[in-house]
Amino acid sequence: RDSKFQVRSSKEIHRRSNISNATMGSDNKPETAAEPTKINHPFLLLSCLVTLAVGTVIALLLFHCVGDRAAYEKKIEVLAAEDLHKLFLAVVVLGRTVLYVNFYPMDFKKDVKGNARADPTYYRTESGEPVVMETEGDLGRYNRANRSVHHMIENFGPFLLGIAVAGNVFPTIILYLACVYGVGRVLHQSGYSSGYGGHAIGFLLANILAGQAMDGLCLLVFLKGEGIM
């Protein structure tokens, strides 16, 4: 093959992947008989509910402190009269689903350390050698920056839907959340490109502060429409 298509790091792939022998096998062969990792489903469900609780607290603070509370209440009454407040619960359900399916695979790569955790997929050659993304230099930064894009695509569906349905009720708040989300995603990508772990601040801003607050606002509309709050 033409060598210009063969991009290799100066380090051996199995040394820079940081994938432990427990994960890949001490003799570089798949361990088909290994005990499969057990997923703690109750913990995953609890995590989804705790993050929603955090988002709802943020939403309550925004509801009472930003904009015209009376106008919010009146708009919610109009929605409830048409039974449209239930659409907001659909956003919450979608948000919990997306969060759960993103949490689910994490335990399977708990032994993978460092930049190799950015790999969305792991392969082996027929000879048993692990195949991972390039982690060194500009190509490594390119891979992690693109992984940040994939992460956004994996998670932003409920946020976009929230903008569409909640924007009419809380226009100013939704604008603020969109700005926080945008800043968070930019920081997530720039931090991720520098190395695994550098994306933490961006993740907190986009996925926790803005994303969960959006779900919290939608839950708030549903609860008020049902007369629960």
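Buried means under 20% relative accessible area, exposed means over 50%, and partly exposed lies in between (1.4 Å probe, protein chains only).

1. **Basis.** This is a predicted model: local features need pLDDT of at least 70, side-chain atom pairs count only at pLDDT 80 or more, and totals for chains, interfaces and linings use all residues. Residues are numbered from 1 along each chain as its sequence is written, and side-chain values use heavy atoms, with hydrogens and water left out.

2. The whole structure holds 6 salt bridges. The term means a side-chain nitrogen of Lys or Arg within 4 Å of a carboxyl oxygen of Asp or Glu. Arg-69 pairs with Glu-73, and their closest N and O atoms are 3.9 Å apart. Both residues sit in helix H4, 4 residues apart, so about one helical turn separates them. Helices are DSSP runs (H or I, at least four residues), numbered from the N terminus. Glu-73 is partly exposed, at 23% relative accessibility.

3. Arg-141 bridges to Asp-138, with 2.8 Å between the closest N and O atoms. The two lie in helix H6 (residues 137-155), 3 residues apart, which is about one turn of the helix. Arg-141 is partly exposed at 38% relative accessibility. Asp-138 counts as exposed, at 59%.

4. Arg-147 forms a salt bridge with Glu-154, and the closest N and O atoms are 3.2 Å apart. Arg-147 counts as buried, at 14% relative accessibility. Glu-154 is partly exposed, at 33% relative accessible area.

5. **Aromatic pairs.** There are 6 aromatic pairs in the whole structure. Rings of Phe, Tyr and Trp (its six-membered ring) pair if their centres lie within 6.5 Å; planes under 30 degrees apart are stacked, over 60 edge-to-face, and the rest tilted. Phe-63 and Phe-170 make an edge-to-face pair, 6.2 Å centre to centre with 75° between the planes. Phe-63 lies in helix H3 (residues 41-65) and Phe-170 in the loop between helix H7 (157-166) and H8, so the pair ties together parts that are 107 residues apart in sequence. Phe-63 is buried, with a relative accessible area of 0%. Phe-170 is buried too, also at 0%.

6. Tyr-104 is partly exposed, at 33% relative accessible area. Phe-108 is partly exposed as well, at 44%. Phe-63, Tyr-72 and Phe-170 form one aromatic cluster.

7. **The nonpolar core.** A nonpolar core is a set of buried Ala, Val, Leu, Ile, Met, Phe, Trp, Tyr and Cys residues joined through side-chain atoms within 4.5 Å. The largest one has 31 residues, and Phe-88, Phe-170, Ile-173, Ile-174, Leu-177 and Leu-217 touch the most other members. The elements that give two or more residues to this core are H3, helix H4 (69-81), helix H5 (86-103), H7, H8 and H9. H9 gives the largest share, 11 residues.

8. **A surface patch.** Val-183, Leu-187, Ile-201 and Leu-204 form a nonpolar patch on the surface, with about 350 Å² of accessible area together. Patches are made of residues with over 30% relative accessible area and no salt bridge; like charges are joined within 9 Å, and nonpolar side chains (Val, Leu, Ile, Met, Phe, Trp, Tyr) within 5 Å. Accessible areas come from the Shrake-Rupley method with a 1.4 Å probe; for residues, only the protein chains shown count as cover. Helix H8 (171-194) and helix H9 (200-225) each supply at least two patch residues. Leu-204 is in helix H9 and is partly exposed, at 46% relative accessibility.

9. **Cysteines.** The whole structure has 0 disulfides. A disulfide is a pair of cysteine sulfur atoms within 2.5 Å. Cys-48 counts as buried, at 4% relative accessibility. Cys-218 is also buried, at 0%.
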